[in-house]
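Please keep the sequence and the three-dimensional view at hand while reading.

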Amino acid sequence: MQEQKINALWTHLHWLSVLAQQGSYTAAAARLGVSKAAMSQRIAELERAAKVTLVQRTTRSLRLTEAGQKLVDDTRAAFEQIEQSFAQVRDLAEQPSGLVRMTAPVALARQQLVPLLAEFLKDFPDVRLELDLSDRLSALATEGFDLAIRHTARPPDTHVAWALCATESVLVATRAYLRRRGEPQTPADLQAHNCLHYPRSQDTPAWTFEARQGPAGHDRVTVPVTGNFAANNSEALREAALMGAGIALMPDFSAQSALRQGKLVRVLPDWKPVGAFAETIYAIRPYAPHVPRAVAALVDHLRKGLALGFKEGV
């Protein structure tokens, strides 16, 4: 009888581990696909069976008691092994399947990823995608994401990272703006222009350039810039530039379509902006011995799609 009671609590223990990982009943319930009331009831049942408080609740937060943390710590490896084993068995199926939760920057996702994801779902109808559009750097394991797309120079050492494609920063403006204000011939000329920039700190913004002719680092110059508009989103900078507001510095994926259509043109094409944005886009996931087939297929699809259609071709 005692063994039967313990066996009936396996799912309760798993839910406790998810609660510890997510940090709230609401987030844990969403991760498990259950109601908050069901989540609370399972934890209460587990506490009654254990005859000890496992979770201390306040109006604003919760934390595990010493007993609750011990249960989570002692069972974590077992649940991780069960999850990996099930994923391996599921991947024996012909087609990738299951839910993939991924997060990606807003501009990159809207302009480049969503069309590729739609194609992927046509090819793999048994896969379900849940996409979180956010420029915030999420803690993948804690927030339950299987994959993150990151525009970064240095992916975290604790994660697995696949390089999807190279990218670069571009300086752009409309022809009308350049006719009205004059076209810069050197980086120093930017000081006489309205520069639309991505705010990095409270310091005076500055842009750094390298001459495209010569070795890396040759003729590197940094110029302070000023402008009446700054935004922490490259789509917003692009739209302001399209309205003729000034010269904008942004990742090439944000300018791609406007450059192809001739609505924007490159400024200072003989100079390469450096240090403003990373030069590689990565797919990143928490380390695990086994990569689900759906995740591997998605990474492969994104790599091929971005390689084929990423550059603006001008």
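Two strands are said to pair if DSSP finds at least two bridges between them. Helices (H or I, at least four residues) and strands (E, at least two) are themselves DSSP runs, numbered from the N terminus. This is a predicted model, in which local features need pLDDT of at least 70 and side-chain atom pairs count only at pLDDT 80 or more, whereas totals for chains, interfaces and linings use all residues. Residues are numbered from 1 along each chain as its sequence is written, and side-chain values use heavy atoms, with hydrogens and water left out.

The protein chain contains eleven helices and 14 strands. Of its 314 residues, 43% are buried; here buried means under 20% relative accessible area, exposed over 50%, and partly exposed in between (1.4 Å probe, protein chains only). The accessible surface of the chain comes to about 17100 Å², and carbon and sulfur atoms account for 52% of that surface. Such areas come from the Shrake-Rupley method with a 1.4 Å probe, and for residues only the protein chains shown count as cover. A contact requires heavy atoms within 4.5 Å. Among contacts between residues at least 6 apart in sequence, 73% join residues at least 24 apart.

The sheets come next. Strands of a sheet pair through backbone hydrogen bonds, either parallel or antiparallel. Strand β3 (residues 98-104) pairs with β4 in the parallel sense over seven bridges, and Leu 99 has Arg 128 in β4 as its bridge partner.

Another open sheet has four strands in the order β8-β11-β7-β12, again with mixed pairing. The edges here are β8 (195-196) and β12 (265-266), each of which pairs on one side only. Two bridges join β8 to strand β11 (residues 247-251) in the parallel sense; in β11, Ile 247 is the bridge partner of Cys 195.

Two helices lie across strands of this four-stranded sheet. Helix α9 (residues 234-242) lies across β8 and β11 and runs at about 150 degrees to β11. Helix α10 (residues 252-260) lies across β7 (169-173), β11 and β12, at about 120 degrees to β11. For these angles, axes are lines fitted to C-alpha atoms, for helices over the stretch in contact, and angles run from 0 to 180 degrees between N-to-C directions. Glu 235 is located in α9. What does Glu 235 contact, leaving aside its neighbours within four places in sequence? Its partners are Val 106, Ala 107, Arg 110, Gln 111 and Ser 254. Glu 235 counts as buried because its relative accessible area is 9%.

Helix α2 (residues 10-22) has 13 residues and reaches 19 Å from its first C-alpha to its last, close to the expected 18 Å. The expected span is 1.5 Å times one less than the number of residues. Buried residues in α2 include Trp 15, Leu 16 and Val 18. Gly 23, which follows α2, has a positive phi near 85 degrees.

A salt bridge is a side-chain nitrogen of Lys or Arg within 4 Å of a carboxyl oxygen of Asp or Glu. By this rule the count comes to ten. In one of them, Lys 70 and Asp 74 bring their closest N and O atoms to 2.9 Å. Both lie in helix α5 (residues 66-90), four residues apart, about one turn of the helix, and both are exposed. Glu 239 and Arg 238 also form a salt bridge, at 2.9 Å from N to O. Glu 239 is partly exposed at 39% relative accessible area, whereas Arg 238 is buried at 14%.

Most residues other than glycine have a negative phi, and most peptide bonds are trans. Lys 51, not a glycine, has a positive phi of about 60 degrees; this residue sits in the loop between α4 (36-50) and β1 (55-57). Leu 268, also not a glycine, has a positive phi of about 50 degrees and belongs to the loop between β12 and β13 (271-274). Are these two residues buried or exposed? Lys 51 is exposed because its relative accessible area is 76%, whereas Leu 268 is buried because its value is 4%.
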